[in-house]
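User: Hey, can you walk me through this model? I'd like the overall picture and then a few local details.

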Amino acid sequence: MSLSSRLKQLHSNAGDQQTADSAASAAPVKEAAPEAFNESKPEVRPEPAPAPEAPPAEPGLQKNVPDKRFTELVPIQDRLQKDVAAELARRKTEITEDSLKTLISEILNEYEDSILTRQNKHWLTQAVYNEITGLGPLEELIRDPSVSEIMVNGYNTVFVERKGKLMRSDVRFQDDDHVRRVLDRIVSPLGRHIDDSNPMVDARLKDGSRVNAIIPPLALNGSTITIRKFSSTPLQVTDLIRFGSLNESMAGFLKAAVEGKLNILVSGGTGSGKTTLLNVLSAFIPADERIVTIEDAAELRLMQDHVVSLESRPANLEGTGAITIRDLVRNALRMRPDRIVVGEVRGGETLDMLQAMNTGHDGSMTTAHANTPRDAVSRVETMVMMSGMELPVKAIRQQISGAFDLIVQQARLRDGSRKITSITEVLGMEGEVITLQEIYRFVVDGFDASHKIYGHYEATGVRPYCLEKIQLNGVTFDDSIFF
Ligand SMILES: Nc1ncnc2c1ncn2[C@@H]1O[C@H](COP(=O)(O)OP(=O)(O)OP(=O)(O)O)[C@@H](O)[C@H]1O
Ligand SMILES: [Mg+2]
């Protein structure tokens, strides 16, 4: 959306349609290049020094504005927005985003009010600027690289995740309508909208961040937005080793497992790092293989040349036209894939995925929500039942044990760290039961003074059966690490 139409939207909401319309049409604001926009940021954002032992400081400008003052500043912000719009209407020339900021502070400097301290002026300029050019109060958090997830639980409660830890942020919206306006700005460029008949939406920001929104009456706290930020540089295996999410030996084994075409299920709780790990594992796929990736919202970023990425599609407003993960898995089988990588299995597509793995598409990978490898197996079983095929349980289990070779369990631990807690191989069936064998595990040794978990990884000492398949597929691997 252009800045001029943004202004229009802003002021139609502030009840001043006429001024806004003329502002938007008379003085279109030229959008600055995104780089220039970002470069202008650091000079206006002082970084408060965090107190020792205090929770990490919030770099957002709202940081030091206490509640009462925030309430007092909101009417000034409204007035300032209107005055800026009126001034833009008066000027006939285009202005860039940089000069917009100057214009805002010039207008603000003419106001006389004892509340307008330097700090509050700074906050107001930034707030109006963010409102006009971006996603309002969310902008600070979106641009803050230390924030990995943003959770708006109603207009005055915003949580963020930093370094794996959830913390409350001082950022807030004026009221629920304000959240809804920002939400509209997120979803409308995608041709979507959120309203009573469509109260839940999945969307993506321009930078690829994944957004989910749900509004009242379904969300009792008020409009609720969850943003999983897209990191500009995806984590690599070396990062995960550095973070202590796995060790070198496990990384070597997983690399051999992928090159040796094992079928892998990454299992983990919500937000535990499944997609990140799937991306890291996919990076081990040799460059000469054709990879088809299938996701609800494309998050995987593979570096190989020969990648075909498919994305599912929700139904349109008439409730038709949905293309599911299952449709895409079936279609992928006709695309001559060497590997199929499915972002996450949640339902009937699991059966198609198992069948693909059992019929020559070795080396395929997916993720599922489960807390242990054993749970993952039951979960897959339940999901196969959702396919609508009336298969006896034993047959389903046979399919599962024939399809998956490895389950890699990912977890977000209590201290916020994310780790591979187990690498388990799927051996086969014993009677009615799928047999699993753990190869690596994470052992908790204790907690340090700051409640950080410390522990170590250990190989369980068994020689994995899957090494044979790895070797049959032409990958040599030194198995002495297991003893
Ligand atoms: N090993 C790791 N160490 C530190 N941070 C990680 C690690 N793995 C993932 N993360 C971060 O954790 C967040 C969640 O990761 P990811 O999206 O991979 O989780 P997920 O399990 O796929 O989540 P969901 O269930 O919502 O799909 C991201 O911000 C990601 O950068
Ligand atoms: Mg995920």
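This is a predicted model: local features need pLDDT of at least 70, side-chain atom pairs count only at pLDDT 80 or more; totals for chains, interfaces and linings use all residues.

User: Okay, how many helices and strands does the chain have?

Analyst: The chain has 16 helices and 15 strands.

User: And how much of the chain is buried?

Analyst: Of its 483 residues, 37% count as buried. As for contacts with a separation of 6 or more, 56% of them join residues 24 or more positions apart.

User: Now the ligand. Which residues are closest to ligand 1?

Analyst: Ser148, Ser245, Gly273, Thr275 and Thr276 are the closest, out of 16 residues that surround ligand 1. Two elements give two or more residues to that shell, namely α9 (237–243) and α11 (274–282).

User: Which element gives the most?

Analyst: That's α11, with three residues in the shell around ligand 1.

User: Switching to helices: at what angle do α5 and α6 cross?

Analyst: Roughly 135°, with the axes of α5 (residues 97–109) and α6 (residues 118–133) coming within 10 Å. Because of that angle, α5 counts as oblique to α6. The crossing of α5 and α6 is right-handed.

User: Which residues make the contact?

Analyst: From α5 you have Glu97, Leu100, Lys101, Ile104, Ser105 and Leu108. On the α6 side, the contact uses Lys121, Leu124, Thr125, Val128, Tyr129, Ile132 and Thr133. By class, the contact of α5 with α6 has seven nonpolar residues, three polar and three charged.

User: Now the backbone. Where is there a cis peptide bond?

Analyst: Look at the bond from Pro216 to Pro217, which is cis with omega near 5°. Pro217 sits in the loop between β5 (210–214) and β6 (224–228).

User: Which residues have a positive phi without being glycine?

Analyst: Lys163 is one of them, with phi at about 50°. Another is His451, at about 65°.

User: Where do they sit, and are they buried or exposed?

Analyst: Lys163 is in the loop between β2 (158–162) and β3 (165–169). Lys163 has 12 C-beta neighbours inside 10 Å, so it counts as exposed. His451 is in the loop between β14 (433–447) and β15 (453–459). With 9 such neighbours inside 10 Å, His451 counts as exposed too.

Terms used. Residues are numbered from 1 along each chain as its sequence is written. Chains are lettered from A and ligands numbered from 1 in the order in which they are written. Axes are lines fitted to C-alpha atoms, for helices over the stretch in contact, and angles run from 0 to 180 degrees between N-to-C directions. Helices (H or I, at least four residues) and strands (E, at least two) are DSSP runs, numbered from the N terminus. Angles under 35 degrees count as roughly parallel, over 145 as roughly antiparallel, 65 to 115 as roughly perpendicular and the rest as oblique. A crossing is left-handed if the near helix is turned anticlockwise from the far one by less than a right angle, and right-handed if clockwise. Two residues are in contact if their C-beta atoms, placed from the backbone, lie within 7 Å. Ala, Val, Leu, Ile, Met, Phe, Trp, Tyr, Cys and Pro count as nonpolar, Asp, Glu, Lys and Arg as charged, and the others, Gly among them, as polar. A residue is near a molecule or strand if its C-beta atom, placed from the backbone, lies within 6 Å of it. A residue is buried if 20 or more other C-beta atoms lie within 10 Å of its own, exposed if 12 or fewer, and partly exposed in between; C-beta atoms are placed from the backbone.
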